[in-house]
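The following paragraphs lead the reader through selected features of one structure. Please keep the sequence and the coordinates at hand while reading.

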Amino acid sequence: MANRQHSLAMERTGQWVFSQEIPTDVIVEVGEANFNLHKFMLVAKSNHIRKVILDSKEPELTRIDLSDIPGGPEIFEKAAKFCYGVNFEITVHNVAALRCAAEYLQMTDKYCEGNLAGRTEDFLSQVALTSLSGALVVLKSCEDLLPMAEDLRIVHKCVEITSAKACVEANFPSRSPPNWWTEELTILDIRFFERIIASMKSRGAKGLTLASAIITYTERSLRDLVRDHSGNGARSSESTDSDVRIRQREILESIVGLLPSEKSAFPINFLCCLLRTAIFLRADSRCKSELEKRISSITEHVTVDDLLVLSFTYDGERLFDLESVRRIISGFVEKEKGVAVFNAGDFKEVCSTPMQRVAKTVDAYLGEIATYGELSISKFNGIANLVPKATRKVDDDLYRAIDIYLKVS
């Protein structure tokens, strides 16, 4: 496919180069593509090619290798057309590559007035970077143009314009659905997404606004792991050490590092899905600990299904290590004890409504996992005893769970 594109590029080039009456005198090599061109046409616009010719030890230089030009053969073809005065279209998809190529070829206004660098800068400022969608497409194209796109501040401009316009859209939507802009961000690599979220934070974006973008990005970039909340995802044979899983682990850990501090910004089922993903991908301990703390802080909203999401492998056939569930419940109980002490109460006698709600959820959860033979008595008791006795107004669910466990055992 690549060779076909190169041959087509050379064929198209021949249509306008060979229309010149003067024979070509130099072959420019760009990867596997060769371009038969005229030195004097190239030198008129490109200071880099001029220097290559002047510095050459060959009396008549007939081949120039520009294989490391940003954008490859297709972009060089457009730069060559510019040298020949042949029209071509600058778009949001190619403007960053053209700007980098212009820098590489030293096709600047300082060398020749009205040169390619100036033309691309004008297009960036007057067209491409005037809309959020345009800025994102340009930024996406920069992924293959580093570090030059960074050095030329194209990346910086795109990030700042995107974050500014995203903040405006979050407060004053210009189209439906109101969160359309969060979908637009999902085309980006995690590195650029991180920078946009950081820029939005610095502009004072609300936690819920950032959460909306992060949830959408996560569900798109880790679709097979996060989006299916039923536990039926990730059935592929990929091992956790495969390149795919390693990349997913890097994305997940970066996403967790972006989570805003507001504890109510994310639905608890989303956090539980993130934690299950972290366990499955063997994310680092800091990542898992951060998610456990966040879930623990809002455990009063947890459902039995949320805890089951954490407890089973993706195929639903066997139990995960239940340590995360234990730490979450334990952390919540300790928090409630602290609140009771702060309010000068006795935790053993006065139990909050959230604590009673969690106790009921834990007992129902025990009833669900009791049927699995791999659940040891120590783990069953360990989770059951996390909930203080005084918090159970009735013990029916706990007795039911015990009865199920004994029958299975």
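A charge is said to sit over a ring if NZ of Lys or CZ of Arg is within 6 Å of the ring centre and within 35 degrees of the ring normal. The model discussed here is predicted. In it, Arg191 places its charged end over the ring of Phe192, at 5.9 Å from the ring centre. A further case involves Arg175, whose charged end sits over the ring of Trp180 at 3.6 Å from the centre.

Aromatic rings also meet one another. A pair of such rings is described by the distance of the centres and the angle of the planes. Across the whole structure, a search finds five aromatic pairs. One of them is formed by Phe266 and Phe270: the ring centres are 5.7 Å apart and the planes lie at 15°, so the pair counts as stacked, since planes under 30 degrees apart fall in that class. Phe266 and Phe270 are both buried.

The description now turns to helix packing. Two packed helices are described by the angle between their axes and the distance between the axes. For helix α7 (residues 132-141) and helix α9 (residues 154-171), the angle is about 150° and the axes are 9 Å apart. The crossing of α7 past α9 is left-handed. On the α7 side, the contact is made by Leu132, Ala135, Leu136, Val138 and Leu139. The residues that α9 contributes include Ile154, Val155, Cys158, Val159, Ile161 and Ala166, together with Thr162 and Lys165. By class, the residues of this contact comprise 11 nonpolar, one polar and one charged.

Spanning residues 95-104, α5 is mostly covered, with nine of its 10 residues buried. The buried set consists of Val95, Ala96, Ala97, Leu98, Arg99, Cys100, Ala101, Ala102 and Tyr104. These buried residues pack against α3 (47-55), α4 (72-84), α6 (116-126), α7, α8 (148-151) and α9.

Just after α5 comes Gln106, with a positive phi of about 55°; Gln106 is a residue other than glycine. Gln106 belongs to the loop between α5 and α6. Is Gln106 buried, exposed or partly exposed? Its relative accessible area is 23%, so Gln106 is classed as partly exposed, because that class lies between under 20% for buried and over 50% for exposed. Arg282, likewise not a glycine, has a positive phi near 60°. Arg282 lies in the loop between α15 (268-281) and α16 (285-297), and its relative accessibility of 57% means that it counts as exposed.

Cis peptide bonds are found in loops as well. Leu146 and Pro147 are joined by a cis peptide bond with an omega of about 5°, and Pro147 lies in the loop between α7 and α8. Another cis peptide bond joins Ser176 and Pro177, with omega about -10°. Pro177 is placed in the loop between α9 and α10 (180-185).

The last stop is Leu308, a residue of helix α17 (residues 304-311). With a relative accessible area of 17%, Leu308 is buried. Which residues does Leu308 touch, not counting residues up to four places away in sequence? They are Tyr365, Glu368 and Ile369. Between Leu308 and Val325 there are 17 residues of separation in sequence, and the C-alpha to C-alpha separation in space is 9.3 Å.

Notes:
Residues are numbered from 1 along each chain as its sequence is written. This is a predicted model: local features need pLDDT of at least 70, side-chain atom pairs count only at pLDDT 80 or more; totals for chains, interfaces and linings use all residues. Side-chain values use heavy atoms; hydrogens and water are left out. Axes are lines fitted to C-alpha atoms, for helices over the stretch in contact, and angles run from 0 to 180 degrees between N-to-C directions. Helices (H or I, at least four residues) and strands (E, at least two) are DSSP runs, numbered from the N terminus. A crossing is left-handed if the near helix is turned anticlockwise from the far one by less than a right angle, and right-handed if clockwise. Contact means heavy atoms within 4.5 Å. Ala, Val, Leu, Ile, Met, Phe, Trp, Tyr, Cys and Pro count as nonpolar, Asp, Glu, Lys and Arg as charged, and the others, Gly among them, as polar. Rings of Phe, Tyr and Trp (its six-membered ring) pair if their centres lie within 6.5 Å; planes under 30 degrees apart count as stacked, over 60 as edge-to-face and the rest as tilted. Buried means under 20% relative accessible area, exposed over 50%, partly exposed in between (1.4 Å probe, protein chains only).
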